[in-house]
Amino acid sequence: MSEHVYKKIELVGSSSQSIEKAVENALARAAKTVRNMRWFEVVETRGHIEEGKLGHWQVTIRVGFTLDD
């Protein structure tokens, strides 16, 4: 098994549908420019209120990826 070095970045995804969709949106966007993503952790969850109702979810995640050799 080879040894890996990881780097972490922090992203904020949003969705009017769900927390899970907010995470999916953040990961999908990051996948366009970040290679070798391996894991994520949810750091913070919050919501935006519009006219007294849930407008959308905002989820902060940290994503770990391996550095290229």
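Glycine 64 touches Lys7, Lys8, Asn36, Met37, Arg38 and Trp39, leaving aside residues up to four places away in sequence. This glycine is found in strand S3. The model is a predicted one. Is glycine 64 buried or exposed? Glycine 64 has a relative accessible area of 0%, and buried means under 20%, so glycine 64 is buried. The C-alpha atoms of glycine 64 and arginine 46 are separated by 22 Å, and these two residues are 18 apart along the chain.

Strand S3 also holds threonine 60. Which residues does threonine 60 touch, not counting residues up to four places away in sequence? They are Glu10, Leu11, Val12, Glu41, Val42, Val43, Glu44 and Arg46. With a relative accessible area of 4%, threonine 60 is buried.

**The elements and the helix**

The protein has one helix and three strands. From the N terminus on, they run in the order β-α-β-β. The helix, H1, covers residues 19-30. How far apart are the end C-alpha atoms of H1? They are 17 Å apart; at 1.5 Å a residue, the 12 residues of H1 should span 16 Å, so the two values agree.

The buried residues of H1 are Ala22, Val23, Ala26 and Ala30. Seen down the axis of H1, these buried residues fall within an arc of 100°, so they line one face of the helix. What covers the buried residues of H1 includes strand S1 (6-15), strand S2 (37-50) and strand S3 (53-66).

The N-terminal end of H1 is capped by serine 18. A side-chain oxygen of this serine lies 3.5 Å from the backbone nitrogen of glutamate 20.

**Two loop residues**

Most residues other than glycine have a negative phi. Asparagine 36 has a positive phi of about 65° although it is not a glycine. Asparagine 36 lies in the loop between H1 and S2, and it is among the residues that glycine 64 touches. Glutamate 51, also not a glycine, has a positive phi near 55°. The place of glutamate 51 is in the loop between S2 and S3. Asparagine 36 is partly exposed, whereas glutamate 51 counts as exposed.

The table lists the relative accessible area of the residues discussed above.

| Residue | Relative accessible area | Class |
|---|---|---|
| Threonine 60 | 4% | buried |
| Glycine 64 | 0% | buried |
| Asparagine 36 | 27% | partly exposed |
| Glutamate 51 | 83% | exposed |

**The whole protein**

Buried residues make up 25% of the 69 residues in the protein. The accessible surface comes to about 5200 Å². Carbon and sulfur atoms account for 48% of that surface.

What radius of gyration does the protein have? The value is 14 Å, but a compact globule of 69 residues would have one near 11 Å. The C-alpha atoms fill a box of roughly 50 × 20 × 15 Å, taken along the principal axes.

Among the contacts in the protein with a separation of 6 or more, 60% are between residues 24 or more positions apart.

Definitions and conventions. Residues numbered from 1 in each chain as written. Predicted model: local features only at pLDDT ≥ 70, side-chain atom pairs only at ≥ 80, totals over all residues. Heavy atoms only, no water. Helix = DSSP H or I, 4+ residues; strand = E, 2+ residues; numbered from the N terminus. Expected span 1.5 Å × (residues − 1). Buried < 20%, exposed > 50% of the residue type's maximum accessible area, 1.4 Å probe, protein only. Arc of directions from axis to C-beta. Contact = heavy atoms within 4.5 Å. Polar contact = N/O pair within 3.5 Å; in protein donor to acceptor, adjacent residues only side chain to side chain. Rg over C-alpha atoms; globule rule 2.2 N^0.38 Å. Areas by Shrake-Rupley, 256 points an atom, 1.4 Å probe, with all protein chains shown as cover.
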